[in-house]
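Thanks for coming. Please have a look at it first.

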Amino acid sequence: MHELVERYGGFMGACDDYRAADLVLLGAPMDFTVSFRPGTRSGPRRIREVSEGIEEYSPYLDRDLADYCYYDAGDVVMPFGHVQESLQRLEKTVAVLLGDGKFPLVLGGEHLVSLAPVRQAAARHPDLAVLHFDAHADLRGDYLGERLSHATVMRRVAEVVGARNVYQFGIRSGTGEEFAFGRENTRFYPFEVLTPLREVVPLLQGRPVYVTLDIDVVDPAFAPGTGTPEPGGCSAAEIVQALHLLQGLNVVGMDLVEVCPVYDQSDRTALLAAKLVREAVLLFGKPVSQK
């Protein structure tokens, strides 16, 4: 598909025909700026591996992956330690996907990888809204002198799309300065996910929307396999419901980041991520019969 991408075993049920697919999975195995526990570079691979442990049929949506043609492009090759080069490679690859009319679903990797697809989505959709589900505000101006970090990613995203176009849900960790910035500048909904999301969704009808979902928005009781777990989050059932609330919006891209398999021998974090990927494919892809 692209010279910057390496393919290996794909997500369950993925088709082999890139041209026929309208949704493409893409791994971004980068964890160069993590501030606590590394290992999210292994997230994309493990999500794919455990996907075989869940069903292709969604009882929530009464839809089946067998009726969809989605392509797993593999992982962007990211040279270790080279943040700018890795982001540029991811951005170039996403640009190819969007140029080919594909829906990009990026699997991280640390949260900084979200900046690349957001840049490309914003370049094609000037009125882009970004829905951000996370335990952490990620609004620092810099972290230890670095402007590009998983702790600064939403500040950089706000600079791309405009802070008032960033909607943040489930935030329960950050500095006082980050919380003040969020309350004054972004659409900031700390601690809760479902209640504010139900209020926001009708306001976004017709607008292009990008979704970035950090798995640590979920309480570590349900998703311990993440680099910076933060108690007090939503349940696994609630984040599935949150994704379903987006049905009917003009979602143009999505990422799911910060799965860190080494800290979860049970694989329940990766399994939750795989389930969310399944639901996203069924929500944002098109059945073969409609193509």
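Leaving aside its neighbours within four places in sequence, which residues is S235 in contact with? They are V218 and F222, where contact means heavy atoms within 4.5 Å. S235 is found in the loop between β10 and α7 (236-244). With a relative accessible area of 17%, S235 is buried; buried means under 20% relative accessible area, exposed over 50%, and partly exposed in between, with a 1.4 Å probe and protein chains only.

A word on the source. This is a predicted model, in which local features need pLDDT of at least 70 and side-chain atom pairs count only at pLDDT 80 or more, while totals for chains, interfaces and linings use all residues. Residues are numbered from 1 along each chain as its sequence is written, and side-chain values use heavy atoms, with hydrogens and water left out.

Now the sheet. Helices (H or I, at least four residues) and strands (E, at least two) are DSSP runs, numbered from the N terminus. Nine strands form an open sheet with mixed pairing, in the order β1-β5-β2-β6-β11-β10-β7-β8-β9. Two strands pair if DSSP finds at least two bridges between them. At the edges are β1 (5-6) and β9 (187-190), each pairing on one side only. Strand β2 (residues 23-28) pairs with strand β6 (residues 103-108) in the parallel sense, over six bridges. In that pair, V24 stands opposite P104 in β6.

Helix α2 packs on the sheet and touches β1, β2, β5 (70-76), β6 and β11 (250-257). The direction of α2 makes about 175° with that of β2. Axes are lines fitted to C-alpha atoms, for helices over the stretch in contact, and angles run from 0 to 180 degrees between N-to-C directions.

Another helix, α4 (residues 153-161), lies across β7 (129-133), β8 (166-171) and β10 (208-214), and runs at about 160° to β8. V130 is found in strand β7. Its relative accessibility is 0%, so V130 counts as buried. Leaving aside neighbours within four places in sequence, the contacts of V130 include M154, V157 and V161, and also Y210 and T212. The C-alpha atoms of V130 and G206 are separated by 14 Å, and these residues are 76 apart along the chain.

That is the last residue on my list. Questions are welcome.
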